[in-house]
Amino acid sequence: MRVVVKVGTSTLAYPTGCLNIRHVELLVKTLSDLKNAGNEIVLVSSGAIGMGIGRLSLDGRPQDMPTKQAAASVGQCELMYTYDRLFGEYNHVVGQILLTGSDFSHAARKENFENTILRLIELGAIPVVNENDTIATDEISVGDNDTLAAMVACSVRADLLVLLSDIDGLYTKDPHKNPDAKLIPLVRELTPQIRELAEGKGSGLGTGGMITKLNAAQIAMQQGVDMVIANGARPRKLYNIVEGEAVGTRFIGKESGE
């Protein structure tokens, strides 16, 4: 199975911007084991700006673009160093790919990206994909690695896309405000009612939210790719997700011809 896993800033870092060592080590161990089992893994990783904030000892997420870009530059080094070191402990090789939105809209650049990432997969490496936040100011403003992950999943013809976030899945109400909120385990169609459930932003260090996840679901579903939203605090649940068990919220990809 070819699986694209997107991990959010809230999973990788504490609110201080410092690395959440326990979460990252569990994530890497689980992904390495899934790869050992014969699965092909692509990791789409947020967290560059968040980790740069910690490394630069900033008080919080910067508001001006140059400081965001500077934080992304520092944080991306920390991020790839961490992945290279941790995956290396399990004898896996990682390869970095930084993308912008125009890499998908420009035919030649899109083809170059797809050739590279598919070759990395063929060679047994784990591609680690992130937005090129040091130069792509539009992408920083949107802060939408969920959509990036969906576009990557479609480009590599993945069997499954998993978005790991700070929430267990899509709920009938905001679970942080409503204790009676119920998890929606399965979505076969993105109806207006489903879209109305998405509101608000994610963590203070990240910029995502449920709206971007539903946008990602739409992209993936249209290309026949299943997508799951699950809690990144429990990386071992990836085993259950890959095996098709009910974890989080699963969005069912459309079969060709639908």
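Good morning. I begin with helix H3 (residues 48–55) and helix H4 (residues 65–88), which pack at an angle of about 95 degrees with their axes 6 Å apart. Axes here are lines fitted to C-alpha atoms, for helices over the stretch in contact, and angles run from 0 to 180 degrees between N-to-C directions. Helices (H or I, at least four residues) and strands (E, at least two) are DSSP runs, numbered from the N terminus. H3 and H4 are therefore roughly perpendicular to each other, a term that covers 65 to 115 degrees.

This is a predicted model, in which local features need pLDDT of at least 70 and side-chain atom pairs count only at pLDDT 80 or more, while totals for chains, interfaces and linings use all residues. Residues are numbered from 1 along each chain as its sequence is written, and side-chain values use heavy atoms, with hydrogens and water left out.

Which residues of H3 meet H4? Contact means heavy atoms within 4.5 Å. On the H3 side they are Ala48, Ile49, Met51, Gly52, Ile53 and Arg55, and among their partners in H4 are Ala72, Gly75 and Leu79.

Let us now follow H4 itself. This helix has 24 residues and reaches 34 Å from its first C-alpha to its last, close to the 34 Å expected at 1.5 Å a residue; the expected span is 1.5 Å times one less than the number of residues. Its buried residues (under 20% relative accessible area, 1.4 Å probe, protein chains only) include Ala72, Gly75 and Leu79.

I turn to aromatic pairs. Rings of Phe, Tyr and Trp (its six-membered ring) pair if their centres lie within 6.5 Å; planes under 30 degrees apart count as stacked, over 60 as edge-to-face and the rest as tilted. By this rule the count comes to 2 aromatic pairs. The rings of Tyr83 and Phe87 have centres 6.2 Å apart and planes at 40 degrees, so this pair is tilted. Both residues lie in helix H4, 4 residues apart, about one turn of the helix, and both are buried. Phe104 and Phe113 form an edge-to-face pair, 5.5 Å centre to centre with 65 degrees between the planes; Phe104 and Phe113 are also buried.

Finally, the loops. Where does Asn91 lie? Asn91 is in the loop between H4 and strand E3 (94–99), and has a positive phi of about 65 degrees although it is not a glycine. Asn91 is exposed (over 50%), with a relative accessible area of 71%. Arg157, in the loop between helix H8 (145–155) and strand E5 (160–165), has a positive phi of about 55 degrees.

Conventions
Angles under 35 degrees count as roughly parallel, over 145 as roughly antiparallel, 65 to 115 as roughly perpendicular and the rest as oblique.
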